[in-house]
Amino acid sequence: MNTSDPMPIGIFARRTGLTPSALRFYDDAGLLHPAEVDPVSGYRRYRRDQSDRADMLRRLREIAMPLAAVREVLDSDAATAARIIDAHVAGILDSAGAARRTAVHLTAALTEGLPVATVKGPVLADAIEQVLTATVQEPTMPVLSGIHIEAGPDAVTLTATDRYRLATRTLVPDESASSIWSATVDGADLRAAVSEIRRSTTVHVEASPHDIRLRLTGRDDQHCRLVAEPFPDHRAMLTALPTPSTRVTVAKNALLQALEEATDDSVTLTARADAFHVDEHPITADVSGPGMRISFHLTTFHPAVSTAIGPDVMLDLRGPDLPVTVRSADRGDLTTLAMPVKPEGAPR
């Protein structure tokens, strides 16, 4: 057979990954007509140059795209086709999210929740948003996208880490359970629930084996899934940190402005008893301890500063290759650790 001659439907099917019955269906649907149809036997034959359309058709059906949308994609220019595909995938993700939330509600209804704590809604919402800045979407470690919650008789602690930052905030509960409970809660679910949490005067937190239920005042309950993967041993890391040698107390807004005016991906802090600089930008600050230069990626250091509570931040410096602790000068219940980087040109 000449390579330019149309091929039988069986050979074309094997080349394209579509079954002969699917090819006949797509012919009848007007999506992929054969190059030739034998007038006597009805056998269909296809050209090699139809393979690309067949491959695209197969892939679109693999993502559950309806036939009408498939037709639009196949008959549109590349930019329009890309928009249609993106819209279809977004719809699938929305549907999957709705199904997931419904499933959480259904499974929660089958189990009795364990009372964990009662906290003020606005305070819990602030804590969630502040700690979420230290999360990251990491497919190989989904636990890094969550917030680890530890609840006991005297405190509720929220912790998150992306391995370059660690943020932790401790809340005093209005009511607490007598038992100690801890788990990692899905960060996306908490992010979706935070606006409702903020509007509730109080939040009663209850735990089940697979999720937490947030019972809100005058609003619908919110359900957030638990992450099964163990959370990194952040307590051991905190315990192993040496005592800070240099402390800087600086106005939060002035520090943020200097960071936002930086022209590179990283910034270098220079702290001395008589001066404090962000790169070459001088800022009024109180510095105690030996002088130090330390560099950070902006994407690591800026969120650590921006989420601090109050007008001033305190930076506890340990060394150019050790984490800095960023906390509020007047309220220490939110603490963020940020890992430094080697400055450009420094020996490795």
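Here is where I'd like to start: in which sense do S1 and strand S3 (residues 44-46) pair, and over how many bridges?

Modeller: Happy to. First, a word on what you are looking at: this is a predicted model, in which local features need pLDDT of at least 70 and side-chain atom pairs count only at pLDDT 80 or more, while totals for chains, interfaces and linings use all residues. Residues are numbered from 1 along each chain as its sequence is written, and side-chain values use heavy atoms, with hydrogens and water left out.

Now to your question. S1 and S3 pair in the antiparallel sense, over two bridges. Pairing here needs at least two bridges found by DSSP between two strands, and the elements themselves are DSSP runs numbered from the N terminus: helices are H or I with at least four residues, strands are E with at least two. To put a residue on that pairing, methionine 7 has tyrosine 46 in S3 as its bridge partner.

As background, strands of a sheet pair through backbone hydrogen bonds, either parallel or antiparallel.

The buried residues of H2 are Ala22, Leu23, Tyr26 and Asp27. Buried stands for under 20% relative accessible area, exposed for over 50%, and partly exposed for in between, with a 1.4 Å probe and protein chains only. These four lie on the same side of H2, because they cover an arc of only 140° around the axis, the arc being that of the directions from the helix axis to the C-beta atoms. After H2 comes glycine 30, with a positive phi near 80°.

For comparison, here is a strand elsewhere in the chain. In strand S21 (residues 334-338), five of the five residues are buried. In a regular strand the side chains alternate between the two faces of the sheet. In S21, Leu334, Thr336 and Ala338 point one way, Thr335 and Leu337 point the other way, and all are buried. Strand S7 (residues 165-171) runs antiparallel to S21 and is joined to it by five bridges; alanine 167 has threonine 336 of S21 as its bridge partner. Strand S20 (residues 324-328) is also antiparallel to S21, with four bridges between them, and valine 324 stands opposite alanine 338.

One last stop is a single side chain. Leucine 256 sits in helix H9 (residues 252-260). Leucine 256 counts as buried because its relative accessible area is 10%. Leaving aside residues up to four places away in sequence, leucine 256 touches His302, Val305 and Ser306. From leucine 256 to phenylalanine 301 there are 45 residues in sequence, but 9.8 Å in space, C-alpha to C-alpha.

Definitions and conventions:
Contact = heavy atoms within 4.5 Å.
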